[in-house]
Amino acid sequence: NNNNNNNNNNNKSPPSNGSPQSLSVRQVYEDEDEGEYFYAIAFGARGVGSPAGHSPLDVHDSDINETDTNVVHIGGRAEQSTKKPNSSTLPSKRQKTTSSNTPLLPCSSTQNGPPLLCLAGIRGVIKIIDTVRRSLFLTLDGHNDAITDLQFCPTNEWLLLSSSNDESIRLWNVQTGTNIAVFAGHCGHRGHVLSISWHCSGERFASAGMDNVVKLWNVTGEEDGNEKKEGIVEKAVKDSWKLTPKCFSTVIQQFPYFSTTSVHSDYVDCVQFVGDLLLSKSVNNTVVLWKPLLNDEGEARQHAESESSQHCTIPSSILFLREFALTHCSNWFVRFHSPPPFYKILALGNQKREVKLWNIGGDDGCHPSQKPFCTLVTRGGGIGFGDSVKCSTVVRMVRFSHCGSSLVAVCDDSTIWLWQTQ
């Protein structure tokens, strides 16, 4: 709302006293599908290259009329779908926008542009946008309920995980538009899956949800002595590059290699791998740092690929390491973040419009601190704001930049707050 009031100040450097400035809007995407609310967003994969050589987007925007706020309409009136029998109160899903005669994302030398923007929410459809071409050119349709989280693989930018209220996690190949695997079933979640997190190796991931459970799933194969076996998901990932979506058969993985209810006694709405450890948060004012006990090295991961998995006991024991002191954080679906690759700091918002920071260690020998070492308050004056602007609702989500030099917080009142951490 403050963008138009600050056109004359866009070239000014930030004030030295650290008071906030307005953030100018670069692009706006307006979804035209009735009833859509976005819950998850992720940047990943690669768009098609542009003649401008992937310069900052303001270079591409230089010929755009500033008065139109660069609104791009995505979506459109959805066609009737029969794939959501248990969600009669929601609008029907839109159909895929690509033709059967054209590859979804053709692999070519020009596909080296900026990351694609992926959005998903209440309609259960992943919408992928090219921010250079400013267009929606792919949708991924498979979930039967709202999508709650999106995470790209840290070692393969084309692999995307999505979690949903339909009690499943899906693995996608964004380049080919293929649904590689569904993680659900016999030993899967028994409630909405709210959060997912890749391990830094890209070989496994964690999931958590409203069944109070944290589960660990395997994407690669297993080791049998000195020989490594190829798992069903690993094979499916390889096949997804060779076969078209029409010829590909999505695999079902029903058995995680680890599952525990020992960490939390209520909804688990956020989970993240921290090296080989895990951070998880529940709505009962707790964030816990813990380690899954997998018995012998690799033993637990073999359960997911064993033919007799249904007769095995999936490991569930944990080593409790640290509980972080929280207050005013009983709202559900409030997300924390610890920036990789060193995971030294934990950031989390709360109902008092604050962002708390904790030391959680890292490679410097520092031990996790139970109490926060810093509190960031979402209020203050700045250019175009006056002296009384502040967040009036819960701080819903926080996120560090890739290099850890910046921290962004988003509040339920639609305000966005940015801090420089270095």
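In which strand is S197 found? In this predicted model, S197 belongs to strand β11, which covers residues 193-198. Its relative accessible area is 7%, and because the cut-off for buried is under 20%, S197 counts as buried. A polar atom of the S197 side chain lies 3.0 Å from the backbone nitrogen of F273.

Residues 268-274 make up strand β18, which belongs to an open sheet of four strands. The order in this sheet is β18-β19-β20-β21, with antiparallel pairing. β18 and β21 are the edge strands, and each of them pairs on one side only. On average, neighbouring strands of the sheet are turned by 20 degrees against each other, direction ignored. Strands of a sheet pair through backbone hydrogen bonds, either parallel or antiparallel. Between β18 and β19 (residues 277-282) there are six bridges, and the two strands run antiparallel. Within β19, S280 stands opposite V271.

Strand β21 spans residues 318-325 and contains L321. L321 is partly exposed, with a relative accessible area of 37%. Together with L293 and L319, L321 forms a nonpolar patch on the surface. The accessible area of these three residues together is about 220 Å².

The two residues with a stated relative accessible area are set out below.

| Residue | Relative accessible area | Class |
|---|---|---|
| S197 | 7% | buried |
| L321 | 37% | partly exposed |

Terms used
Residues numbered from 1 in each chain as written. Predicted model: local features only at pLDDT ≥ 70, side-chain atom pairs only at ≥ 80, totals over all residues. Heavy atoms only, no water. Patch = residues over 30% accessible without salt bridge, like charges linked within 9 Å, V, L, I, M, F, W, Y side chains within 5 Å. Areas by Shrake-Rupley, 256 points an atom, 1.4 Å probe, with all protein chains shown as cover. Salt bridge = Lys/Arg side-chain N within 4 Å of Asp/Glu carboxyl O. Buried < 20%, exposed > 50% of the residue type's maximum accessible area, 1.4 Å probe, protein only. Pairing = 2+ DSSP bridges. Axes fitted to C-alpha atoms, helices over the stretch in contact; angles between N-to-C directions. Polar contact = N/O pair within 3.5 Å; in protein donor to acceptor, adjacent residues only side chain to side chain.
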